[in-house]
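This briefing goes through one protein model by topic. Please keep the sequence and the coordinates open while reading.

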Amino acid sequence: MQTLPADDQLVEQARAIHERVLTVDTHIDFAPADLTGERNYTQRLETQFNLPNMIDGGLDALFFSIYVGQTREAQNPDALKPAAYERAYKIASDKFDAVRRFTSEIAADKIELALNAADVRRINAQGKKAALMGVENGYPLGEEIARVKEFYDRGARYLSLTHNGHNQLADSHTGERDGWKWQGVSPLGAQVIAELNRWGIMVDVSHASKQAMMQTAALSRAPIIASHSALRALCDISRNMDNEQLLALKKTGGVIQVVAYDSFVKCGKPDSPERKAALAVARRDFNLPEPTGPGQRARHQFALKALPLDKRREYDKKLAEIDRQYPGDAPATLKDFVDHIDHAVKLLGIDHVGISSDFDGGGGVIGWNDASETLNVTIELVRRGYTEAQIEKLWGGNLLRVLDEVQRVAQDLQK
Ligand SMILES: [Zn+2]
C-alpha cells in the first residue's frame with residue numbers, strides 16, 4: 001500500500017496542483033439581475049458563485065447555465081404551444097444577453113467569454129476567468145431548428161435536450177414517475193441532435209430519460225456529455241445515470257461531469273415531520289432562511305456566517321439538541337461526492353469523467369458548498385492518490401477535449 005504524505009504536506013501539494021491545472025465547472029445557475037444589476041457578481045453576493053468566490057477558490061472557467069424551466073403539459077395543456085415557446089425563448093434570450101454584458105462590459109477586466117477550448121486556455125494564460133454558456137433545456141428552441149444556429153452564434157456550447165418534464169424534443173427522467181410521451185427522443189429531437197452536431201454544440205443528456213439518453217448516444221455523430229449528473233450505482237434516483245448509460249456515453253467519446261448535488265450524491269432518508277418542524281422553529285428563532293430551492297443553501301450558509309459568534313454558538317447548541325431528539329440523516333459531504341467520481345473512473349477510465357457543482361441551482365455538498373471552496377475538491381482527489389495528470393483531466397482536460405472534438409466533427413459536417 002502507498003503511504004500518503006502528512007496532511008499539511010498533502011494540502012500544499014494539492015494547492016500547487018490546483019494552481020497549475022485548468023479548473024472548469026460545467027454547470028452554474030444564475031439570475032440575470034445578479035450579472036447586470038447594481039449589485040452583481042463582481043461583489044460577494046449571497047450566492048454560491050460570484051467572482052470573489054471564484055477567485056478565492058481558484059476556479060478558472062465555468063459554464064453559465066442558460067436555464068429555462070417549463071410548465072409541464074400535465075399542468076398546462078398549452079405548454080408545448082407557440083406562445084409558451086416564445087415565453088421560454090425570451091427567458092433564454094435575456095440570459096444570453098446578461099452573460100454577454102457581464103463579460104464584455106461589467107466585468108470585462110476579470111472575465112471573458114470563451115467560444116472554444118483554445119479561448120479558455122488563452123484567457124486563462126492572460127490571468128482572467130473564462131465564461132462559457134450551456135443551454136439547460138431545449139424547450140426555448142420551440143419548433144424552430146434555425147434557433148440551434150442562433151444559439152450557437154450567441155455562445156451556446158452545450159444544450160440539454162430536456163429539463164424536468166417532457167418537452168418537444170425528448171422524454172425527461174421525470175417520466176419514471178409520470179409516464180412517457182415519446183419513448184425517448186421525438187422526431188424533432190432527432191433533427192435537433194443532427195443540427196447540434198452540425199454547428200458544434202455539445203449534446204447534453206443530463207435530465208433526459210434513460211431511453212432518450214441511449215437514443216441520443218446512438219444518434220449523435222459527435223461525443224455527448226452529461227453536464228451535471230451523478231451515478232445511479234451509488235444513489236438510485238431517476239435523475240442519475242446507470243452503468244449501462246455511462247458505458248454508452250463513453251462509447252461516443254463523451255464525458256460525465258459528476259455533480260456535487262446533495263440529494264443526487266447521497267440518497268438519504270428524508271427528515272421526519274418532527275425533525276422538520278423543530279428545524280423550522282430554530283430557523284425562525286435565528287432569522288435564517290428556508291433551506292429549499294435554488295441558491296438557498298448558500299443563503300443559509302451566508303446568514304450563518306453573518307451571525308454574531310454568541311448567536312452562532314447558541315444556534316449550534318440548538319441544532320445539537322434537535323439532532324439528539326430527532327436524529328436525521330447526515331447531509332452529503334465532499335467524500336460522498338468524490339465516491340461518485342471514483343466509481344465513474346473505475347467504470348469508464350480517467351478520460352470520461354469531469355466535475356460540476358450546480359451552484360445556485362440547488363448544488364453543493366458539505367466541503368464544496370460555494371465556489372470559494374473549490375480547492376477542497378483537489379485536496380480530496382490528491383488524498384485519494386490521483387496524479388496531477390489525472391486531476392488535470394478530471395478538472396477540465398476531458399471536457400475541453402470533447403468540445404474540441406465536437407467542433408471538429410461540425411467542421412466536417414459543414415463541408
Ligand atoms: Zn439541472
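In which helix is the place of V406? V406 sits in helix α17, which covers residues 388–414. The model is a predicted one.

**V406 and its surroundings**

- The relative accessible area of V406 is 1%, so this residue is buried, the cut-off being under 20%.
- Setting aside neighbours within four places in sequence, the contacts of V406 are G200, I201, M202, A222 and P223.
- Between V406 and G254 the C-alpha to C-alpha distance is 9.6 Å, while the two residues are 152 residues apart in sequence.

- E136 and H228 are both buried.

**Helices α9 and α10**

- Helix α9 spans residues 210–219 and helix α10 spans residues 243–251.
- Their axes are 9 Å apart, and the packing angle is about 20 degrees.
- Angles under 35 degrees count as roughly parallel, and α9 and α10 are therefore roughly parallel to each other.
- The crossing in which α9 passes α10 is left-handed.
- On the α9 side the contact uses K210, M213, M214 and A217, which meet E244, Q245, A248 and L249 of α10.
- Sorted by class, the residues in the contact of α9 with α10 are five nonpolar, one polar and two charged.

**Helices α15 and α16**

- Helix α15 covers residues 334–348, and helix α16 covers residues 375–383.
- The two helices pack at an angle of about 60 degrees, with 10 Å between their axes.
- α15 and α16 make a right-handed crossing.
- From α15, the residues making the contact are L334, K335, F337, V338 and I341; from α16, they are N376, V377, E380, L381 and R383.
- The contact of α15 with α16 comprises six nonpolar, one polar and three charged residues.

**Loop residues with positive phi**

- Q183 is a residue other than glycine with a positive phi, near 60 degrees.
- The loop that holds Q183 runs between α7 (175–178) and α8 (187–199).
- Is Q183 buried or partly exposed? Its relative accessibility is 44%, so Q183 counts as partly exposed.
- D360, also not a glycine, has a positive phi near 60 degrees.
- Is D360 buried or exposed? D360 has a relative accessible area of 11%, which means that this residue is buried.

How values were computed:
Residues numbered from 1 in each chain as written. Predicted model: local features only at pLDDT ≥ 70, side-chain atom pairs only at ≥ 80, totals over all residues. Heavy atoms only, no water. Buried < 20%, exposed > 50% of the residue type's maximum accessible area, 1.4 Å probe, protein only. Axes fitted to C-alpha atoms, helices over the stretch in contact; angles between N-to-C directions. Helix = DSSP H or I, 4+ residues; strand = E, 2+ residues; numbered from the N terminus. Parallel < 35°, antiparallel > 145°, perpendicular 65-115°, else oblique. Left-handed = near helix turned anticlockwise from the far one by under 90°. Contact = heavy atoms within 4.5 Å. Nonpolar A, V, L, I, M, F, W, Y, C, P; charged D, E, K, R; others polar.
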